[in-house]
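Please find below a colleague's note on the model, arranged as numbered points. Each point takes up one topic and can be read beside the coordinates.

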Amino acid sequence: MFTYDIEAYVIKLNEDEASADSILLVPIGVSYNLIDLDCTNGTDDMEKNILIKDKFIGEDCLNQMIESIVLECKRLSLTSIFLIAHNGGNFDNIYLKGLGNLTIESQIKKGRIKKIVFVHKDSGIKIMAIDSFSFTQASLKNSAKYFGLKDNKFSCDIAGKSREWFMDEANKSWIEYMEQDTKVLSLICLNFEQILRKWGTS
């Protein structure tokens with residue numbers, strides 16, 4: 001399973017308006033993890049089940065992430081994977097729909113997009129993009145609290161920031177924020193998987 005998180009900058013289409021329709025959000029960075037759902041290290045040491053942590057910066061970050069994930073899939077002989085984003089049905093997963101290296105096979109939508117199945121054009125690898133909110137039913141911060149994650153989240157004011165702000169060396173804390181969100185999501189997924197296994201419903 002892979003988890004990921006996107007950060008995006010704002011382009012104002014109309015300086016005189018502040019509505020959602022007057023801005024454009026453009027991905028500028030993405031962080032992803034590869035996690036081992038077997039949880040063989042126990043609940044106190046789940047971070048060892050995060051096998052890969054990587055990130056890409058720039059407008060082509062999502063294409064780079066997908067190609068990196070595909071390489072990992074080939075290395076591990078995987079033909080299909082889950083790709084999880086928190087609130088992905090309203091944000092992250094939507095941006096994947098515009099990538100030229102993916103085609104959409106199917107989609108489940110009810111309010112938010114719960115699941116999109118993509119196929120990587122060159123390799124045929126199937127990528128099932130899932131919104132983790134569909135099973136946690138809580139924010140990332142509250143989900144982390146529920147599972148008792150100590151290092152759950154730190155704040156970084158990224159709302160409404162421009163491309164120039166994100167690329168300024170003085171503001172690089174947003175990258176750590178993005179990577180932390182991805183790690184927290186990975187740990188939430190690992191904890192949730194353990195619950196499902198206890199119930200025999202994994």
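1. In which strand does Ala85 lie? Ala85 belongs to strand β4, which covers residues 80-85; helices (H or I, at least four residues) and strands (E, at least two) are taken here as DSSP runs, numbered from the N terminus. With a relative accessible area of 0%, Ala85 is buried, where buried stands for under 20% relative accessible area, exposed for over 50%, and partly exposed for values in between (1.4 Å probe, protein chains only). Between Ala85 and Thr3 there are 5.9 Å in space, C-alpha to C-alpha, although the two are 82 residues apart in sequence.

2. A word on the basis of these remarks. The model is predicted, so that local features need pLDDT of at least 70 and side-chain atom pairs count only at pLDDT 80 or more, whereas totals for chains, interfaces and linings use all residues. Residues are numbered from 1 along each chain as its sequence is written, and side-chain values use heavy atoms, with hydrogens and water left out.

3. On the overall fold, the protein has six helices and seven strands, and from the N terminus on these elements follow the order β-β-β-α-β-α-β-β-β-α-α-α-α. Of the 202 residues in the protein, 47% are buried.

4. Helix α6 spans residues 173-199 and has 27 residues; from its first C-alpha to its last it reaches 39 Å, close to the 39 Å expected at 1.5 Å a residue, the expected span being 1.5 Å times one less than the number of residues. This helix is mostly covered, with 19 of its 27 residues buried.

5. How many aromatic pairs does the structure hold? There are six, counted where rings of Phe, Tyr and Trp (its six-membered ring) have centres within 6.5 Å, with planes under 30 degrees apart called stacked, over 60 edge-to-face and the rest tilted. One of them joins Trp165 and Phe166, an edge-to-face pair at 5.1 Å centre to centre with 85 degrees between the planes. Phe166 and Trp174 are likewise described as edge-to-face, because their ring centres are 4.9 Å apart and their planes stand at 80 degrees. Trp165, Phe166 and Trp174 form one aromatic cluster, in which Phe166 is buried at 0% relative accessibility and Trp174 is buried at 0% as well.

6. The count of salt bridges comes to seven, a salt bridge being a side-chain nitrogen of Lys or Arg within 4 Å of a carboxyl oxygen of Asp or Glu. Among them is the bridge between the side chains of Glu47 and Lys183, at 3.8 Å from N to O. This pair links distant parts of the chain, since Glu47 sits in the loop between β2 (23-35) and β3 (50-57) while Lys183 is in helix α6, 136 residues apart. Glu47 is partly exposed at 36% relative accessible area, whereas Lys183 counts as buried at 12%.

7. A further salt bridge brings together the side chains of Arg163 and Glu59, at 2.5 Å from N to O. Arg163 lies in helix α5 (residues 163-167) and Glu59 in the loop between β3 and α1 (61-75), so this pair ties together parts that are 104 residues apart in sequence. Arg163 is partly exposed at 32% relative accessibility, and Glu59 is partly exposed at 40%.

8. Within helix α1, Glu72 and Arg75 are three residues apart, about one turn of the helix, and they form a salt bridge whose closest N and O atoms are 2.7 Å apart. Glu72 is buried, with a relative accessible area of 16%, while Arg75 is exposed, at 54%. Elsewhere, salt bridges that share partners join Glu47, Lys53 and Lys183 into one network.

9. How many disulfides does a search of the whole structure find? The search finds zero, with a disulfide taken as a pair of cysteine sulfur atoms within 2.5 Å. Cys73 is buried at 1% relative accessible area, and Cys189 counts as buried at 5%.

10. Ile11 lies in strand β1 (residues 2-12) and counts as partly exposed at 32% relative accessibility.
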